[in-house]
Amino acid sequence: MHDATPKLTIQGGNPLRGEIRISGAKNAALPAICATLLTRDAVKIKNVPLLMDVTTMLSLLEQIGVKVQSDNQSEVVLSAADLTQLTAPYEMVKTMRAAILVLGPLLARAGEANISLPGGCAIGLRPVDQHIKGLETMGAEITIKHGYIHAVAKKLQGARIVMDIVTVTGTENLMMAATLAQGTTIIENAAREPEIIDLANCLIAMGAKIEGAGSDIITIEGVPSLHGAEHKVMPDRIETGTFLAAACAASGDIFLKETNARHLDAVLDKLTESGAKIKSGDHWIHLKMNERPKSINLRTAPYPAFPTDMQAQFMSLNCIANGTAVITETIFENRLMHVQELKRMNADIKVEGHTAIIHGIPQLDGTKVMATDLRASASLVIAGLIAQGETVIDRIYHLDRGYEAIEKKLSHLGAEIQRTSNS
Ligand SMILES: CC(=O)N[C@H]1[C@@H](OP(=O)(O)OP(=O)(O)OC[C@H]2O[C@@H](n3ccc(=O)[nH]c3=O)[C@H](O)[C@@H]2O)O[C@H](CO)[C@@H](O)[C@@H]1O
Ligand SMILES: C=C(OP(=O)(O)O)C(=O)O
């Protein structure tokens, strides 16, 4: 039977060698794009990665009435002079949860927003109660009806908001909303991810008054309006980590340029522990691996601890490492879906609750596997690169949400990897 769904086919065993450029960060580009809703003026965003979530977010903003000029490279100019529709429909939110990031800006700028509830996704329930609670504390009236969050506020009021849980997009939504509120907002127990600092830099360039981004207390003094600006998106630390994990597993010698090693302390520590030799400068990282990796234990937690978005890739690395590793996922309740696919490649993994115990074996076996979410897909790509024989990865639309030209970059490093449409 003919199956036209795109797949990746990988012939395992090639070492990764060479130099590639790291793209702009998906998780920084998406909030920066949403921030442009806060002003009537044009905002230029540079270093935007060409990937599916960005395309979806730009379409959503166009539906809202934003004029989008894109050079199809990495620059996009957004002009939100007139907002014609204050809605993020289910069809958009279901493919990209980050659509929730239009809630804060629309409410602050237009006094109203209708956003489809994101619902759960493959990796967990992912409620948005903290976004809602924070906006209510700022005076918004929020009702949930027919699967939509309906929020109204004549003028948001600055407030002290203590987050019950550290949430990245929750912090970003509230930070954006607070820029145009009346008075001062203090967000306590804020997320400290580098993407929060990147968004704050974008907002500050637009005229916002923000202090403390990158710490767990962020103070925002509301201003009457924001203005046009230019912002360059930070490098993607998860793309960087994915290539480093791949090279560590595949006897690599790679040089990554246009990245930032300072965002990857926890990841680089673990790679060094596994035996990789790493050097880095202001905008580059060089990793060389001459031996079979050693097993590495890890536990995901909010930044600056080990990122949940790197957990799956390190699982693949541990599959062929020397020794036994324990990986504990503490952020999302269902983010071990890649385990069952890795086991199809002969990996020796046991799962107990949110913990996986991985006994390293010398080599994985290539076979047909299925991607279940974005980073699970990346873990299967790494597994395919180090497996014996051919691996075919189905449902790679998950991968396309968050990696720019991954097969081109891997081919450039010497991998045998192809996108195909045949079963
Ligand atoms: C677009 C984007 O930037 N996505 C990242 C962002 O997702 P996202 O911002 O959605 O993740 P959060 O930081 O909000 O989630 C952290 C935890 O908090 C829970 N929670 C969150 C909000 C809320 O209102 N209530 C609640 O209980 C979540 O279910 C999860 O268990 O941070 C995650 C954690 O680093 C990353 O994996 C995602 O890649
Ligand atoms: C989970 C991720 O993205 P999102 O929050 O957009 O689902 C991710 O980038 O790994």
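User: What separates the centres of domain 1 and domain 2 in this model?

Analyst: The model is predicted. In it, 30 Å separate the two centres, taken over C-alpha atoms. Domain 1 covers 6–23 + 235–421, and domain 2 covers 26–232.

User: How do you know that domain 1 and domain 2 are in contact?

Analyst: Two residues count as in contact if their C-beta atoms, placed from the backbone, lie within 7 Å. By that test, 19 residues of domain 1 are in contact with 15 residues of domain 2. Helix α13 (residues 397–402) gives the largest share of the domain 1 side, three residues. That side divides into six nonpolar, five polar and eight charged residues.

User: Why is ligand 2 said to lie between the domains?

Analyst: Domain 1 and domain 2 both give residues to the shell around ligand 2, so the ligand lies between them. The surrounding residues are N27, R97, A98, D309, L374, R375 and G402.

User: What makes up that shell around ligand 2, by class?

Analyst: Two residues are nonpolar, two are polar and three are charged.

User: What surrounds ligand 1?

Analyst: Ligand 1 has 21 residues around it, and the closest are N27, Q130, T167, V168 and T169.

User: Which domains supply the shell around ligand 1?

Analyst: Domain 1 and domain 2 each supply at least three residues.

User: Why are α8 and α12 called roughly parallel?

Analyst: Angles under 35 degrees count as roughly parallel. Helix α8 (residues 237–249) and helix α12 (residues 374–386) pack at an angle of about 25 degrees, with their axes 9 Å apart. That angle makes α8 roughly parallel to α12. Their crossing is right-handed.

User: Which residues meet where α8 packs on α12?

Analyst: From α8 come T242, A245, A246 and A249. They meet A378, I382, L385 and I386 in α12. The contact holds seven nonpolar residues, one polar and no charged.

User: How do you know that α10 and α12 are roughly parallel too?

Analyst: The cut-off is again an angle under 35 degrees. The axes of α10 (residues 311–319) and α12 cross at roughly 25 degrees and come within 7 Å. The two helices are therefore roughly parallel to each other. This crossing is right-handed.

User: What residues form the contact of α10 with α12?

Analyst: A312, Q313, M315, S316, L317 and C319 in α10 meet R375, A376, A378, S379, I382 and A383 in α12. The classes are eight nonpolar, three polar and one charged.

User: What makes the bond between Y303 and P304 worth a look?

Analyst: Most peptide bonds are trans. The bond joining Y303 and P304 is cis, with omega about 15 degrees. P304 sits in the loop between β18 (298–299) and α10.

Conventions. Residues numbered from 1 in each chain as written. Chains lettered and ligands numbered in written order. Predicted model: local features only at pLDDT ≥ 70, side-chain atom pairs only at ≥ 80, totals over all residues. Axes fitted to C-alpha atoms, helices over the stretch in contact; angles between N-to-C directions. Helix = DSSP H or I, 4+ residues; strand = E, 2+ residues; numbered from the N terminus. Parallel < 35°, antiparallel > 145°, perpendicular 65-115°, else oblique. Left-handed = near helix turned anticlockwise from the far one by under 90°. Nonpolar A, V, L, I, M, F, W, Y, C, P; charged D, E, K, R; others polar. Near = placed C-beta within 6 Å. Domains from an automatic or database assignment.
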